[in-house]
Amino acid sequence: MQDTTLWFPYAQMKHLEVNYEVETGEGPYIQFTNGMRLLDATCSWWCMIHGYRHPDVTQAIHDQADKLAHVMLGGLKNQPAADLAAKLVEITPEGLNHVFFSDSGSVGMEVAMKMAVQFWQNQGITAKCKMASLLKAYHGDTTGCMSVCDPEEGMHSMFRGLLPEQHFAPAPEASFTASADEVAADIAKLRQVFEQHHHEIAGFMVEPLLQAAGGLNMYSPLYLQEARKLCDEFDILFIFDEVATGFGRTGKLFAADHAGVTPDIMVLSKGLTGGYVGHAATIANDRVFDAFWDDDAGKAFMHGPTFMGNPLACAVALKSIEVFERDDYLERISTLNRVLQDELLEFSHPEVKATRVLGATGVIEVHDAASLKGVQDFAITQGVWLRPFGRFLYTMPPYIISEAELRQITGAMKDWFSRDQ
């Protein structure tokens, strides 16, 4: 009988065989205990943007651990937390001035949801206690986050009786390069939801431009611009979940930068620390923060993850951002984008429904998920670690990967469809 001491995610344990144990990593490669070395095409759920064992990021961990690994942020402060908050205010869209830390992307989104509801409660507007989201959305696996994930095609339908009922608009269908006229139909559907339910919607949350785990749907910056106008019109807070899209994944530092839009609240994680330590930031504008600034202690924001502002995580995040800026990662991502477009956009096969590329993300969508059965084992024979989900075979590589290494990944993705049956 298999050892079930370690419970793995997103898998039926009764039938699960985990035959590969990672011992170390180097650059874009993961090294296994059996001596096998593979290119990591997904950079460990999209967070290891610098690859493995980056010397500067690793040294930052050592240096901070020698000083202070952790101290509570309750009633105390530490310099790395203060410095990271200041840096995030500097690099995020203009107007996001107040940083609340937590320990994961899901918790960061929970913070955003609570923040949005209490924003209205503190002003005596008690009816606004629900959220609006998009179909095909994924915002995390915690209870509040599950309620704003796609209720129809998402993975959390069994918890329907537990979860609060939220409002959903159709996922945008107009592509990243769509015209204003093409985007208009998507916005009309969003307007309809707002017209019917704005009186009880505290915030509208989106994964800007790239709906990641909900199906890798890519849509237009014009949608964000028009949605910003609708949120202002209907008095709804606009919340960006940039857990996956932040720090370059869509081709700019933040997806918001494509649209020139500032949300009321933005959530960052994954690439925030380059994947080296779990941490997240929920960043609010002055309007949101000012609703909590009061002589009334009851209007304080009552949330406090144990590891928020963890000095080790904050020091690593500061070094990660420094490396990102110093080594011109946005130019690297532009190069990766050109490779992905060259390799994937013209690829076709009877089993393939569509291919999509945005920033350092490349996707092959198939008609039937069954046609991807066995692709992971096949990719291993090609020297690549791939982890498809559903109908989607994708790569989100670390930014330090070379063009040749990225072509090896896309080659494995395409060769799957021409393998000997």
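In which loop does T92 lie? In this predicted model, T92 sits in the loop between α3 (79-91) and β4 (96-102). T92 counts as buried, at 5% relative accessibility. A polar atom of the T92 side chain lies 2.6 Å from the backbone oxygen of L88. Beyond its neighbours within four places in sequence, T92 is in contact with F254, M266, L268 and I283.

Residues touched by F247 include L88, F254 and L268. L88 is the residue whose backbone oxygen lies 2.6 Å from the T92 side chain, and both F254 and L268 are in contact with T92. F247 itself is placed in the loop between β10 and α8 (256-259). Its relative accessible area is 2%, so F247 is buried. R53 is 194 residues from F247 along the chain, and the C-alpha atoms of the two are separated by 19 Å.

The annotated positions were examined next. An unreviewed UniProt entry carries the annotation "binding site" for W45, Y138, K270, G304 and R387. These positions span 343 residues in sequence, and the farthest two C-alpha atoms are 34.0 Å apart, so the set does not all gather at one spot. From this set, W45, K270 and R387 belong to the lining of the second largest pocket.

Y138 is found in the loop between β5 (130-134) and α5 (143-146). The side chains of Y138 and Y10 are joined by a polar contact of 3.3 Å. Y10 is also among the residues that Y138 touches, along with C149, M155, H156, E207, A213, G214 and D241; residues up to four places away in sequence are not counted here. G304 belongs to the loop between α9 (286-290) and α10 (311-326). G304 has a relative accessible area of 55% and is exposed.

The unreviewed UniProt entry also gives the annotation "binding site" to G105, S106, D241, P305 and T306. T306 counts as exposed, at 55% relative accessibility. D241 lies in strand β10 (residues 237-241), whereas T306 is placed in the loop between α9 and α10. That loop also holds G304.

Which elements each supply at least two residues of the lining? They are β2 (29-32), α1 (43-46) and α12 (375-381). The largest share, four residues, comes from α12. By class, the lining has 20 nonpolar, six polar and seven charged residues.

Backbone geometry was considered last. Most residues other than glycine have a negative phi. L216 is not a glycine, yet its phi is positive, at about 55°. L216 is placed in the loop between β8 (210-211) and β9 (217-218). With a relative accessible area of 0%, L216 is buried. D328 is likewise not a glycine and has a positive phi, of about 50°. D328 is located in the loop between α10 and α11 (329-344). At 43% relative accessibility, D328 counts as partly exposed. Both residues therefore have a positive phi in a loop, L216 as a buried residue and D328 as a partly exposed one.

Conventions. Residues numbered from 1 in each chain as written. Predicted model: local features only at pLDDT ≥ 70, side-chain atom pairs only at ≥ 80, totals over all residues. Heavy atoms only, no water. UniProt positions renumbered as here; feature names shortened; annotations may be inferred. 1 Å grid on protein atoms, 1.4 Å probe; cavity = no way out; pocket = protein on both sides within 12 Å on 5 of 7 lines; lining within 4 Å. Contact = heavy atoms within 4.5 Å. Polar contact = N/O pair within 3.5 Å; in protein donor to acceptor, adjacent residues only side chain to side chain. Buried < 20%, exposed > 50% of the residue type's maximum accessible area, 1.4 Å probe, protein only. Nonpolar A, V, L, I, M, F, W, Y, C, P; charged D, E, K, R; others polar.
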